[in-house]
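Biologist: I would like to learn how to read a pair of packed helices. Can you take me through it step by step?

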Amino acid sequence: MSIPWRDAMSRALYGPGGFFVAGAGPADHFRTSVHASPAFASALLRLISEVDTALGHPSRLSVVDVGAGRGELLLTLLRLVSSEDAAGFAASETAAGLAVGVSGEPTRSGRSGLIPPRAGSPETLTATAAARPSRDVPWSGAVRPSLAERVRFTAVELAPRPEHLPEEIEWVSAIPAGINGVLLATEWLDNVPLDVAVHTGHDWRYLLVDPDSGAETIGELVSPDDLDWLTTWWPRPTSLPGADRDLNPAVTSTDTTSGSGSGFRAARPAQGSSLTARSRPGCPETPHSDHTRAEIGRARDAAWADAISRIERGMAVAVDYGHLRDGRPVDGTLTGYRGGRQVPPVPDGSADVTAHVAMDSVASAGAAVARCAYSLVSQREALRALGADGGRPPLSLAGTDPAGYVRALAAASAVAELTDPAGLGGHWWLRQPVGIPLGPAVAR
């Protein structure tokens with residue numbers, strides 16, 4: 001029986017025995033920046049430290065990871081924080097072998113990362129509140145407790161708490177309210193279930209899917225709210241072949257999903273790699289469609305706006321693969337991942353089902369809640385601005401410390417993967433401050 005894609009994704013990913021609820025976790029199926037290198041967490045720790053300073057070093061600094069997998073990111077952050085003191089963490093990270101590829105000082109991007117208002121965004125954003133001392137700071141004239149003493153890590157995930165997760169990491173199933181600190185969402189929004197629509201040549205209609213086979217059929221007209229979102233955020237190309245003829249009401253997944261021109265073959269694991277990064281659109285082994293498909297991002301906008309509303313003061317950071325209004329893919333990006341390979345998106349619970357994020361729409365929804373300007377840049381820019389430059393070590397080090405040179409060379413290679421614009425470096429970083437300055441992490 002065919003059902004809306006949003007319902008099918010919800011059951012397949014988060015229902016009983018769903019992909020993200022059961023099994024060993026997503027790390028067995030695809031590779032994210034969290035899994036690629038500890039340098040990713042090291043760069044995030046720099047950002048967390050900046051937010052801590054902007055908040056006036058509160059007695060409790062919350063770091064909340066939404067869609068935490070099995071807690072991998074927070075585990076790395078916990079190790080990093082535990083190895084440093086209030087004076088800074090660059091030296092101790094290097095000593096612990098964790099700050100691979102992260103330089104001593106953050107760099108600056110060559111252009112501003114602030115995106116101007118787009119259609120659908122608030123027309124006027126209020127000025128971000130000036131930094132002010134936190135009311136939670138209990139000391140005056142005394143030595144400030146270190147970050148390790150003040151930070152509180154919380155993982156938000158529907159899967160059961162991993163057996164050996166340290167007690168320092170709290171495990172919850174919903175985003176807590178009153179966050180004073182940083183909310184992280186690394187490759188979370190792409191798994192927020194959404195509806196999929198197709199343009200028949202006359203109007204937008206929902207696509208329905210059989211959860212067992214992945215076969216699609218055309219359903220009812222989209223709702224007025226979804227039509228408004230599509231009109232605003234997913235403009236339909238006017239030069240599509242077949243745009244003026246009707247679709248057959250019975251459409252299979254091989255009829256409507258893209259295969260050529262979207263880099264699907266390149267999305268397969270590189271030689272010698274056990275997992276592929278989720279950075280390419282669409283699903284493999286399906287022919288090109290000559291009809292417009294769209295993934296309706298309204299549910300993701302709502303999810304991000306809700307996450308922003310849980311922050312009292314601080315910053316939310318979404319890291320995901322996505323696209324902007326002027327570059328929406330004609331055939332959509334719905335795809336699947338299983339066992340390290342990209343597979344067709346059959347929502348039967350055996351594979352990850354995901355779609356790229358309409359990042360500008362999400363950003364606009366968050367800004368409407370926060371009433372503060374946001375920053376939207378590539379991961380390559382963001383990590384370099386935070387010191388993860390991936391620079392090669394000086395050749396002279398090979399003569400004085402051969403083992404150290406080899407380690408540094410390997411570290412540079414790991415960071416190069418994080419900043420590769422054709423892979424993980426092409427992901428988007430959305431920084432949304434709430435009640436604090438945006439900060440100069442990406443500035444002229």
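Modeller: Start with handedness. A crossing is left-handed if the near helix is turned anticlockwise from the far one by less than a right angle, and right-handed if clockwise. Here, H3 and H4 cross in a right-handed way. Remember that this is a predicted model.

Biologist: At what angle do H3 and H4 pack, and how far apart are their axes?

Modeller: Two packed helices are described by the angle between their axes and the distance between the axes. For H3 and H4 (residues 72-82), the angle is about 65° and the axes lie 9 Å apart. Angles of 65 to 115 degrees count as roughly perpendicular, so H3 is roughly perpendicular to H4.

Biologist: Which residues make the contact?

Modeller: On the H3 side, they include Phe-40, Leu-44, Leu-45 and Ile-48. On the H4 side, Leu-73, Leu-77 and Leu-80 are among them.

Biologist: What should the span of H3 be, and what is it in the model?

Modeller: H3 covers residues 38-54, which is 17 residues. At 1.5 Å a residue, H3 should span 24 Å. Its end C-alpha atoms are 25 Å apart, so the two values agree. Just after H3, Gly-56 has a positive phi of about 80°.

Biologist: Is H3 largely enclosed or open?

Modeller: Buried means under 20% relative accessible area. In H3, 13 of the 17 residues are buried, so the rest of the structure largely encloses this helix.

Biologist: What is the mean pLDDT of the chain?

Modeller: The mean is 76, and 66% of the residues reach 70 or more. Over residues 85-135, the pLDDT is below 50. Residues 239-274 are also below 50.

How values were computed. Residues are numbered from 1 along each chain as its sequence is written. This is a predicted model: local features need pLDDT of at least 70, side-chain atom pairs count only at pLDDT 80 or more; totals for chains, interfaces and linings use all residues. Side-chain values use heavy atoms; hydrogens and water are left out. pLDDT is the predictor's confidence in each residue, from 0 to 100. Contact means heavy atoms within 4.5 Å. Helices (H or I, at least four residues) and strands (E, at least two) are DSSP runs, numbered from the N terminus. The expected span of a helix is 1.5 Å times one less than its number of residues. Buried means under 20% relative accessible area, exposed over 50%, partly exposed in between (1.4 Å probe, protein chains only). Axes are lines fitted to C-alpha atoms, for helices over the stretch in contact, and angles run from 0 to 180 degrees between N-to-C directions. Angles under 35 degrees count as roughly parallel, over 145 as roughly antiparallel, 65 to 115 as roughly perpendicular and the rest as oblique.
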